[in-house]
Amino acid sequence: MKIAYIGQKGIPATFGGIEFHIDELSRRLVKRGHRVDVYVRDWYTNKNLRQYQGVKLIHTPTIKTKHLDAFIHSLTSSLHSIFQDYDIIHYHALGPTVFCWLPKIFRRKVVVTLHGLDWERGKWGIFAKTFLKFTERTATYIPDEIIVVSKAQKEYFESKYGRECIYIPNGVNIPQAKPTSGIIREKFGLNGEDYLLWMGRLTPEKRVDWLIKAFKEMKSRATDLKLVIAGGSSATDKYVRKLKELARDDERIIFTGYVVGQQKEELFSNARLFVLPSYLEGLPVALLEAMSYRLPCLVSDIPPHREVISEGVEGFLFQSNDFSDFVRKLRELLENPKRLKDIGENARRKVEREYNWEEVVRKTEKVYKNLI
């Protein structure tokens, strides 16, 4: 089959859950004998890079601003795609689907994967939220098939629009733990088991401000611990400045920026606890990665997190809209480290069993084959 992907910033993935998803999916489909093209943006993917592990990279124009980047790139990519001989054109995320009618009128088979309710994200203003709400309809009524990454999304779209969706979650690779080789020790002063970890895009719905405030409240109880915030801006520079101002007077709080490769592996391998207080998620890749490293996790009890974690079994949950409960649960776990024992092993077994990349690829390939 000849398959194209539209909506992502690019690959090889350096940040962004959608980008990591397509990085894995596209490379694995090539190994299964398919031709895969991925539309990329020059500011994310090196403009001289035209192929990546058998995947063809197609650079189309965009305007790199918060509101125009994804819109323009999805338009130029869609226009380019209709003159190619693709069997499947696969859009990712809500916004890009506003142009999925273009390949449809040229009788291409269109698939959409929805990674979350983007209009709920805190970084968007009223106009952008209205536009993204509208794209729920283009994402629902135009494509030949709709894939969702969480059961909560499936329930939302099927109950609201009466359109059947296919549930295929994100996948995760099962890694080998990396002892501290000196990289995170030299760069951030970390020795292992002496820090809490948060990783992802610094956006308001992730509520990193909650984590910083909670950590500072426990200063007298957790003086041996540091807080590592691994991630960067996603058109959210104002929010990032707010976070750094909030942490300014506490030298235990470390902002690493985006991390990749061995540095990322070491951070996951040697943390005491992974914390994700988000009020909105699709199915967070960072959480699945943390669990794959046998890392105990404390997360908000929003539906996507409850799909992955059962309280006290694969991790720990706090009441999503209750900051005091978050602080209480975090303090309890830090004061009683025995509660963390065995949780990491359960977490790893869960992702091995239910979030396996080979299964994700097989199910996605089946969707394509059924269409053509």
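Me: What stands opposite His90 in β6?
Reply: Val111 in β6 stands opposite His90. This is a predicted model, where local features need pLDDT of at least 70, side-chain atom pairs count only at pLDDT 80 or more, and totals for chains, interfaces and linings use all residues. Residues are numbered from 1 along each chain as its sequence is written, and side-chain values use heavy atoms, without hydrogens and water.

Me: What makes β5 and β6 a pair?
Reply: Two strands pair if DSSP finds at least two bridges between them. Strand β5 (residues 88-92) and β6 have five bridges, in the parallel sense, so they pair. Strands are DSSP runs of E, at least two residues, numbered from the N terminus.

Me: How do you know that β6 and β7 pair?
Reply: Four bridges join β6 to strand β7 (residues 145-148), and the two run parallel. Leu114 stands opposite Val148 in β7.

Me: Why is β6 called largely enclosed?
Reply: Buried means under 20% relative accessible area (1.4 Å probe, protein chains only), exposed means over 50%, and partly exposed lies in between. Five of the six residues of β6 (residues 109-114) are buried, so the rest of the structure largely encloses this strand.

Me: Why is Leu68 called partly exposed?
Reply: Its relative accessible area is 35%. That lies between the 20% and 50% limits, so Leu68 is partly exposed. Leu68 is found in the loop between β4 (55-59) and α2 (69-81).

Me: How many bridges join β9 to β12?
Reply: Two bridges join strand β9 (residues 195-202) to strand β12 (residues 273-276). Pairing needs at least two, so they pair. These strands run parallel.
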